[in-house]
Amino acid sequence: MNEPIVARHWLAIVAPKAAPALATTTVLALARIWNANGAEHSVGNAVLMTALSLGAAAAGACASVGRAGDSVIAGTAFAASGALAFAGVAGYADGMSLPLLLWSVATAGAYGLAARYWRRDRRDTLTYQRHVSERSEERAHIERVETLRATTQVEVARVGASYAEQLAAALTARAALPGFDPKSIETAGLPALPGAEISREHRW
């Protein structure tokens, strides 16, 4: 069974790979805009971002512990904590050296974490594709076997019908000959001809 081939758009392929860099770049740009609007050397803003970052980290730690720990919530909370810390430093500092250094570290870390999930997703995708391929090959094999079996049965039935027609034609032609005895057919174990009884009545 042939499955339709769906070609993915190049944006759908590139977007997941570019997401970590876009996220860290967006945080850097917003932090520098915040810096230009009064966050530079603002102790209150720095304390606020530090508190928010520590709160997000604490939420991630709470979500990751215990028997019912949720890795998705914990990862989201830790990512938010890192983003808030990065934004706080980028907004508080003067100049671009430190913000760019933190941006490169954050981007590298984001790609390191994302690569782990990309590998896992690829393994799951390959396992699923292998399973689907095996099931497809199994179904195709069963279909071929059933097709061969049905073709053989049809051929046997056709040959049997042809043999029966030839036998009936031969017996009919033999019955038309003079001196034919219908009882000889029954003695040989062959089925009696339909017109045998009628022909015997006409003879009497």
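Predicted model: local features only at pLDDT ≥ 70, side-chain atom pairs only at ≥ 80, totals over all residues.
User: What does the confidence look like across the protein?
Analyst: The mean pLDDT is 79, and 78% of the residues score at least 70. By element, helix 4 has the highest confidence, at 87, whereas helix 6 (residues 196-203) has the lowest, at a mean of 47. The pLDDT falls below 50 over residues 198-204, a stretch with four contacts in the model beyond near neighbours in sequence.

User: What makes up the secondary structure of the protein?
Analyst: There are six helices and zero strands. In sequence order the pattern reads α-α-α-α-α-α.

User: Which share of the contacts in the protein with a separation of 6 or more comes from residues 24 or more positions apart?
Analyst: Such residues account for 63% of those contacts. As for burial, 15% of the 204 residues count as buried.

User: Which residues form the largest nonpolar core?
Analyst: That core has six residues: L28, A31, M49, F86, A87 and A90. Helix 1 (10-39) and helix 3 (71-92) are the elements that give two or more residues to this core. Helix 3 contributes the most, with three residues. Outside the four places on either side in sequence, A31 touches A87, A90 and G91.

User: Why is T107 called buried?
Analyst: The cut-off for buried is under 20% relative accessible area. T107 has 10% relative accessibility, so T107 counts as buried. T107 belongs to helix 4 (residues 97-175). Apart from neighbours within four places in sequence, T107 is in contact with A21 and T24.

User: Why is L100 called partly exposed?
Analyst: L100 stands at 42% relative accessibility, which lies between the 20% and 50% cut-offs, and therefore L100 counts as partly exposed. L100 is also found in helix 4.

User: How many aromatic pairs are counted?
Analyst: The count is one aromatic pair. Its members are Y111 and W118.

User: What makes Y111 and W118 a pair, and why is the pair called edge-to-face?
Analyst: Two values are needed, because a pair of aromatic rings is described by the distance of the centres and the angle of the planes. For Y111 and W118 the centres are 6.2 Å apart, and pairing requires centres within 6.5 Å, so the rings pair. Their planes are 65 degrees apart, and over 60 counts as edge-to-face, so that is the name given to this pair.

User: Are Y111 and W118 buried, partly exposed or exposed, and how do you know that?
Analyst: Y111 has 27% relative accessibility, and W118 has a relative accessible area of 26%. Both values lie between 20% and 50%, so Y111 and W118 count as partly exposed.

User: Where does the charged end of K17 sit?
Analyst: The charged end of K17 sits over the ring of W118, 4.1 Å from the ring centre.

User: How does that distance compare with the cut-off?
Analyst: The cut-off asks for NZ of Lys within 6 Å of the ring centre, and the 4.1 Å found for K17 and W118 meets that part of the rule.

How values were computed: Residues numbered from 1 in each chain as written. Heavy atoms only, no water. Phe/Tyr/Trp six-rings, centres within 6.5 Å; stacked < 30°, edge-to-face > 60°. Buried < 20%, exposed > 50% of the residue type's maximum accessible area, 1.4 Å probe, protein only. Lys NZ or Arg CZ within 6 Å of the ring centre and 35° of its normal. Helix = DSSP H or I, 4+ residues; strand = E, 2+ residues; numbered from the N terminus. Contact = heavy atoms within 4.5 Å. Core = buried A, V, L, I, M, F, W, Y, C linked by side-chain atoms within 4.5 Å. pLDDT = per-residue confidence, 0-100.
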